[in-house]
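This briefing walks through a single protein chain, topic by topic, for a reader who is new to looking at structures. Please keep the sequence and the 3D view open while you read, and find each residue as it is named.

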Amino acid sequence: MSSIIKVDTIQTAAGGTPTAADLGLNTTGSVLQVVQTPLTAFSSYSVASQGKSSNVISASITPTSTSSKILISCHLYIDTTTVPSGTFLNVDGTDIFIADASGIRRRATTVTYHDASRLDTIECTSFQYLHSPSSTSSLTYGVKVGHGSSVTQTVSVNRTIDSTDNAKIMNPTSSLTLMEIAG
C-alpha cells in the first residue's frame, strides 16, 4: 500500500519559502543556475604598451547564497601580430585568477604565443576557475585581452590578425559560461 501527501504550499515556521536545506536535502555541489555569453562576432582592440583592453566578453550572475561558488569557463580565440598575448579575468573590474608575480613578467590568466610565420593561424585560450565571491549581489565577470609588447598592438578576437578574405581561413566562436554551484 502506498501513501500520497498532497499540499498546495509548504512554509517554514516563520512563514517563508523553505530552502532545500530546510527540507533536509543536501544540495552541496549542485548546479543552481547557468549563464552563458556566446561571442560570434569579430572584433579588434588597439591595446597600449603592456596594457589591457576593455572586457571583450562578459556575463553577469546573481548568486542565491553567500556560500555558493561560481564556476567560470572561458574559451576565447585571440591573435596579435608578433607578440605574446594574454587574457585577464576580472569580476566587477577587479582582476582575479591572475598568476603570481615573477620578476618583471606580466601577470595574466592565460597566455598564447603568435607564430609570426603563419598569418592564417589563431590561438584558442581556455580556462576554468572556481570563484568563492561570498555575495548575493549581481556580479559581472569579464575577460580582457592584452599583449607583451612595449608599443601599441592590435589584438583580434575571433579572427586572425590577417584580415585577408580567404576560403581556407575560418572564423571561430568564443564563449564565457558561469555556473552557480551550491556550497
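The largest nonpolar core has 24 residues, and among these I72, L76, Y141 and V143 touch the most other members. Strands β2 (43–47), β3, β4, β5 (85–91), β9 (139–147), β10 (153–157) and β11 each supply at least two residues of this core, and the largest share, five residues, comes from β4. Please bear in mind throughout that this is a predicted model.

**Two buried polar residues**

- S68 is found in the loop between β3 and β4 (69–80), and this serine counts as buried because its relative accessibility is 2%, which is under 20%.
- The side chain of S68 is joined to the side chain of E180 by a polar contact of 2.6 Å, and S68 also touches residues beyond four places away in sequence that include L32, P63, P133 and I181.
- T177 has its place in strand β11 (residues 174–181), and with a relative accessible area of 12% T177 is buried as well.
- The side chain of T177 makes a polar contact of 2.9 Å with the side chain of Q36, and, leaving aside neighbours within four places in sequence, T177 is in contact with V34, V35, Q36, L71, I72 and S73.
- One of these contacts of T177 is I72, a residue already named among the core members that touch the most others.

- Between S58 and L23, which are 35 residues apart along the chain, the C-alpha atoms are separated by 35 Å.

**Charged side chains**

- Side chains of opposite charge can pair when their charged atoms come close.
- The structure holds one salt bridge, which D95 forms with K52, the closest N and O atoms being 2.4 Å apart.
- This pair links distant parts of the chain, since D95 belongs to strand β6 (residues 94–95) and K52 to the loop between β2 and β3, 43 residues apart.
- D95 is partly exposed at a relative accessible area of 31%, and K52 is partly exposed at 37%.
- Elsewhere, R159 lies over the face of F42, at 3.7 Å from the ring centre.

**Aromatic rings**

- A pair of aromatic rings is described by the distance of the centres and the angle of the planes.
- The count comes to two aromatic pairs, and one of them, formed by F97 and F127, is tilted, with 6.1 Å from centre to centre and 55° between the planes.
- F97 sits in the loop between β6 and β7 (110–112) and F127 in strand β8 (residues 123–131), 30 residues apart, and this pair links distant parts of the chain.
- F97 is partly exposed, with a relative accessible area of 34%, whereas F127 counts as buried at 7% relative accessibility.
- The rings of F97 and Y129 have centres 4.4 Å apart and planes at 15°, so this pair is stacked.
- Y129 lies in strand β8 and F97 in the loop between β6 and β7, so their pair ties together parts that are 32 residues apart in sequence.
- Y129 is partly exposed, with a relative accessible area of 24%, and ring pairs link F97, F127 and Y129 into a cluster.

Conventions
Residues are numbered from 1 along each chain as its sequence is written. This is a predicted model: local features need pLDDT of at least 70, side-chain atom pairs count only at pLDDT 80 or more; totals for chains, interfaces and linings use all residues. Side-chain values use heavy atoms; hydrogens and water are left out. Helices (H or I, at least four residues) and strands (E, at least two) are DSSP runs, numbered from the N terminus. Buried means under 20% relative accessible area, exposed over 50%, partly exposed in between (1.4 Å probe, protein chains only). A polar contact is a pair of N or O atoms within 3.5 Å; within protein, one must be able to donate a hydrogen and the other to accept it, and residues adjacent in sequence count only if both atoms are side-chain atoms. Contact means heavy atoms within 4.5 Å. A nonpolar core is a set of buried Ala, Val, Leu, Ile, Met, Phe, Trp, Tyr and Cys residues joined through side-chain atoms within 4.5 Å. A salt bridge is a side-chain nitrogen of Lys or Arg within 4 Å of a carboxyl oxygen of Asp or Glu. Rings of Phe, Tyr and Trp (its six-membered ring) pair if their centres lie within 6.5 Å; planes under 30 degrees apart count as stacked, over 60 as edge-to-face and the rest as tilted. A charge sits over a ring if NZ of Lys or CZ of Arg is within 6 Å of the ring centre and within 35 degrees of the ring normal.
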